[in-house]
Amino acid sequence: LAAMLISSGNFLFGNLAVREIDPATLAFWRNAIALACTVPFVLAVRPDVAGYVRGRKLKLLVLSALGSVLTAWLMYLSLRSDDLINLSVGYTFIPLLAVLFSALLLAERLSAIQYCGLGIAFAGALVFAFHGDLGLLLRFEPHEAFLWMIAVCAVRSLYLVLLRRWNVHPSPGEGLFILLAIGTALLLPAFVGEEIAGRATLDYPWPVWASIAFIGIGMGALYLHLISFGTSRIGATRASLFTYTVPLF
């Protein structure tokens, strides 16, 4: 629930920030600030970072690309739209896709009543997203931002399931630090290119800096830790069901 509360704030602050800066730049700041937040944990516990990476290189690269890079970049592409409530409803497609990936990769199953609840919630999300207009739903003419949000859901769901399948539990002082470091490195070229092309490098208004701070600390550091902790305890499918609280928040 704490992770979902932070995620709901991401819609508001992300929408404010992408009015001024490129989605890839915002994704870079999210990773870089979160990486800085994990440094004290690394220094405090002095974990065997090299040992953690050893034997997991490809898995960590895939998880970082999904959880740190693509999820953030696609999210901020969608948040260039002002239709935040509908986008937050689109975010609730994560449980449906998580169930699909979990069934394929983890052989996880829900109870009959859980499947029933998931189906009702999915139908409700569709009705909400298409404003209760059956004709609009049948024609299926969603806004481009809504399609970006569905892509976010697919990437996020796969990330959750792979965390469980590969038994990777990124703690702040070890795995999360590595994932964020890889994500920051992957996004650095896009950030540098955008800032060089910009007329006023790093000259953002203070509300944008405040939004970047919330996104970096909240979504980059706290959210990823909370969602990884929750997924390791209750599984990818059950953890994903909490996304239905995002539109409410």
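Which backbone nitrogen does a side-chain oxygen of Asp-22 reach at the start of α2?

**View 1. The start of helix α2.** In this predicted model, a side-chain oxygen of Asp-22 comes to within 3.0 Å of the backbone nitrogen of Ala-24, at the start of α2.

**View 2. The crossing of helices α2 and α4.** Helix α4 comprises residues 57-78, and its axis comes within 8 Å of that of α2, the two crossing at roughly 135°. With angles over 145 degrees counted as roughly antiparallel and 65 to 115 as roughly perpendicular, α2 and α4 are therefore oblique to each other. The crossing of these two helices is right-handed, and the contact is made by Pro-23, Ala-24, Leu-26, Ala-27, Arg-30 and Asn-31 of α2 together with Gly-67, Ser-68, Ala-72, Trp-73, Tyr-76 and Leu-77 of α4.

**View 3. The packing of helices α6 and α9.** Helix α6 (residues 94-105) packs against helix α9 (residues 144-165) at an angle of about 40°, and their axes lie 8 Å apart, which makes α6 oblique to α9. In passing α9, α6 forms a right-handed crossing. On the α6 side the contact involves Ile-94, Leu-97, Ala-98, Phe-101, Ser-102 and Leu-105, while the residues contributed by α9 include Ile-150, Cys-153, Ala-154, Arg-156, Ser-157 and Arg-165.

Methods:
Residues numbered from 1 in each chain as written. Predicted model: local features only at pLDDT ≥ 70, side-chain atom pairs only at ≥ 80, totals over all residues. Heavy atoms only, no water. Polar contact = N/O pair within 3.5 Å; in protein donor to acceptor, adjacent residues only side chain to side chain. Helix = DSSP H or I, 4+ residues; strand = E, 2+ residues; numbered from the N terminus. Axes fitted to C-alpha atoms, helices over the stretch in contact; angles between N-to-C directions. Parallel < 35°, antiparallel > 145°, perpendicular 65-115°, else oblique. Left-handed = near helix turned anticlockwise from the far one by under 90°. Contact = heavy atoms within 4.5 Å.
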